[in-house]
Amino acid sequence: MSNKSLNTVCQIASEGCCVELGSEVVLDDLTFAIQDSSLVGVVGPNGGGKTTLFNAILGLVPITHGSMTIKGLNPNEALGMVGYVPQKEEFNWKFQVTAKQVVQMGITKNSSFLPTTSKKDQEIIEDSLAKVALLPRINDRVEEMSGGQRQRVLLARTLAQGAEILLLDESFSGVDIGSQEKLLDVLRNLKNDGKTILMATHDLNTIGERFDEVLCLNRHCCAFGDPLEVLTPDVLTELYGSHSSMFKDHTLGRHRHNYGD
């Protein structure tokens, strides 16, 4: 990977990034650079640091060592540039709200909605739902929608915030193949419109067909690049195999891998 002015050229640039939570080193010496208009899969085992990485990009956890920048800015200075799309299970769908009302929450930046909508906000809501191919269902209640449609409503809510970088957390989880493909079509169109998208996923079977790049994460960056090139047997073993000895020297304030001689 080139080191050419990573912090100013890339949408997201991590150089030796380390995150410590309590007494645990969660991310260690994480280095990668993501260009704009990219669709990136983030893979790794549970506990490998995917959620922590997203939180670091969002500015929710501090960087202990190294650096991470969003379009050349510190994550805390890039608020509003990055949007997070949670798993649909994290949203309470029991409220009898419509797709329009959920997307409106993205504009008001809280969990409520106003009884009336301004002309400008109405345009934003309609545009956001159009981008996820759900404009015809703007007034439908989300509790009556499929899992894949609900996921796209949450994506529309994030688009309404005006985010340029989208972080999706396991959006394929519990969604049938047809709905996954519809969501992928939406994401590809958003990428073509200039959005940069990172999606955490456990599905390695089709990652080479679905993503431009893959970030392999197991507390450090095991590999980053074209899925067809970097997902080697050695990388997969490093991701999911037993390699606890690699981290025996990971302590607070000390960050290096134990690769042996």
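## The model and the chain

What you have here is a predicted model, where local features need pLDDT of at least 70, side-chain atom pairs count only at pLDDT 80 or more, and totals for chains, interfaces and linings use all residues. Residues are numbered from 1 along each chain as its sequence is written, and side-chain values use heavy atoms, with hydrogens and water left out.

The chain has nine helices and nine strands (DSSP runs numbered from the N terminus: H or I of at least four residues for helices, E of at least two for strands). Of its 261 residues, 51% are buried (under 20% relative accessible area, with exposed meaning over 50% and partly exposed in between; 1.4 Å probe, protein chains only). Take the contacts (heavy atoms within 4.5 Å) between residues at least 6 apart in sequence: 65% of them join residues at least 24 apart.

## Helix α6

Helix α6 covers residues 177-192, and its 16 residues reach 22 Å from first C-alpha to last, close to the 22 Å expected at 1.5 Å a residue (the expected span is 1.5 Å times one less than the number of residues). Just after the helix, G194 has a positive phi of about 105°.

Which residues of α6 are buried? They are S179, Q180, L183, L184, V186, L187, L190 and K191. These residues sit on the same side of α6 because they cover an arc of only 160° around the axis (taken from the directions from the helix axis to the C-beta atoms). The face turned away from that buried side carries exposed I177 and N192. Among the elements covering the buried residues are β3 (39-43), α4 (119-131) and β7 (196-200).

## Strand β1 and its partners

Strand β1 (residues 12-21) has eight of its 10 residues buried, so it is largely enclosed by the rest of the structure. β1 pairs antiparallel with β2 (residues 24-34) over seven bridges (pairing takes at least two DSSP bridges between two strands). C17 has L30 in β2 as its bridge partner. The two strands form a hairpin with two residues between them, and G22 in the turn has a positive phi of about 65°.

β1 also pairs antiparallel with β4 (residues 65-70), over five bridges.

## The β8–β9 hairpin

Strands β8 (residues 213-217) and β9 run antiparallel, joined by four bridges. V214 has G225 in β9 as its bridge partner. Three residues lie between the strands of this hairpin, and R219 in the turn has a positive phi of about 70°. In β9 (residues 221-225), five of five residues are buried.
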